[in-house]
Amino acid sequence: MKLKKAFKKLMVPALGLTLLFPSVAGAADAEPTVNTPAADLRATLDQLLSEHFVLAVTSMTKSYDGAEDAEEVTEALDQNAADMTPAIASVYGEEAAQQFEDIFRGHNDYSSDFVQAAKEDNDELRKEAEMEVDEFVDEFSTFLDTATEGNLPKEAAEKALELHEDQVLTTFDEYTEGNYEQAYTTFRAGHKHMFAISKALSNAIVIQMPDKFENTKVDTPAAELRSTLNSLASEHFALSSLGLEKGYDQSEDYDFVNWAEDRNTADFKAAIGSIYGDEAASQFEKIWQEDHIAAQADLVVASLSKDEESMNMAKEQLLETFPKNFGAFLGTATEENLPTDAATEALMTHEKQVVGSFESYMSGDYKASTDQFREGYAFMFGVGESLGGAIVKQMPDKFAGESMPGGMPKTGMGGASEQSSDLTALWITIGSLTVAGSAFAIRRKVVNH
């Protein structure tokens, strides 16, 4: 199928992880499964839209700080928008794809106006930029409504886009004001919200064109598991990479990036606990914190002091000890549905991407650093497909059916999920478009005249 091939091509970086797990990837004909055309569509949009949010915020904050790699990150943001065009073309054709690109790619240009307004304390420029955002929300929501033939209504799209823009601007504003805990709280919420948008958009497309997606659905329990794990894994990668850079630069917000990473770890622990129990969750946390998070901090300290021996020790822990220990944990937990050797190899690849991007950053090769970041971020989207696939294969009865289990857990947008012995504690609430859109109003910076 041409459509399926187009999405698979877009997901090549992420699927690199899946290729390491033949027992999972080959189970597409089994039910339930994380591998369906609809789930693939959702995962593709998960990747592209969440990366857009990460790059948009990072581009603005780095530009505000005058960071040496700000230009490269901004170029990556533009390329991310361009990368979405083939996905739209594969569904709606070249003309619609070009219209999409003109609207979506163009709205990235407003970021520089917000940065300049913040640097110059220019109220008029800020108001002009906000008006441009309002125009984008109106124009893009109209496009989505028309393209999906009303399956994603303009009003719902508007609310979702307003919330997205609010989260980008709020993160930026709190950052420039030095309110780093609030900035990273909003960053985490904004990242999760992109997965809500991709779910709603992919669902609208699948409802509109059921035959093209083989009458599969985006919201089966298995698809939800895949998306949830990808949300956690990609957020971890983004925060890890940013934390290494912030630590090396001795930035004021370094401790708060670590704080956000700890919140992400807590969510991961809750997900593991909801499937495998509290004891397994504690084992996960011990390996994750000692062999992984702590080793990253050690790498920063060693790099600042130029202590080669300590740097090598930290890298050995990241590149060898952690992959072996965590790979063994995953193999055991999934009863080898996710093979230990394959998991270990994938984790080594992940760590090479994190460390490689950081080393390029330290050497001043910002193009390489940004390219490696994008490659590593995309790679994380094999986690949900591979780990999720292994879990579903291991526990098919828990993921049977056409809808998510009832009793969604009470989870905070920026905090740790509450644990439960029931599987439903896994589902990290990222909200529907209508609920999320009405939960916030667009943040407007107070302008004094």
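Is V168 buried or exposed?

1. V168 is buried, at a relative accessible area of 5% (buried is under 20%, exposed over 50%, partly exposed in between, with a 1.4 Å probe and protein chains only). You'll find V168 in helix α9, residues 154-176 (helices are DSSP runs of H or I, at least four residues, numbered from the N terminus).

2. A word on the source: this is a predicted model, where local features need pLDDT of at least 70, side-chain atom pairs count only at pLDDT 80 or more, and totals for chains, interfaces and linings use all residues. Residues are numbered from 1 along each chain as its sequence is written, and side-chain values use heavy atoms, leaving out hydrogens and water.

3. Back to V168: leaving aside residues up to four places away in sequence, V168 touches F53, V57 and M60 (contact means heavy atoms within 4.5 Å). M60 sits 108 residues from V168 along the chain, with 9.1 Å between their C-alpha atoms.

4. Now have a look at S227, in helix α11 (residues 221-249). S227 is buried as well, at 4% relative accessibility. Again not counting residues up to four places away in sequence, S227 touches R42, D46 and F195.

5. Last, a helix pair: α7 (residues 110-120) and α8 (residues 123-147) pack at about 155 degrees, their axes 8 Å apart (axes are lines fitted to C-alpha atoms over the stretch in contact, and angles run from 0 to 180 degrees between N-to-C directions). So α7 is roughly antiparallel to α8 (that means over 145 degrees; under 35 is roughly parallel, 65 to 115 roughly perpendicular, the rest oblique). Among the residues making the contact are Y110 and F114 of α7 and L125 and F136 of α8.

Conventions: Helix = DSSP H or I, 4+ residues; strand = E, 2+ residues; numbered from the N terminus.
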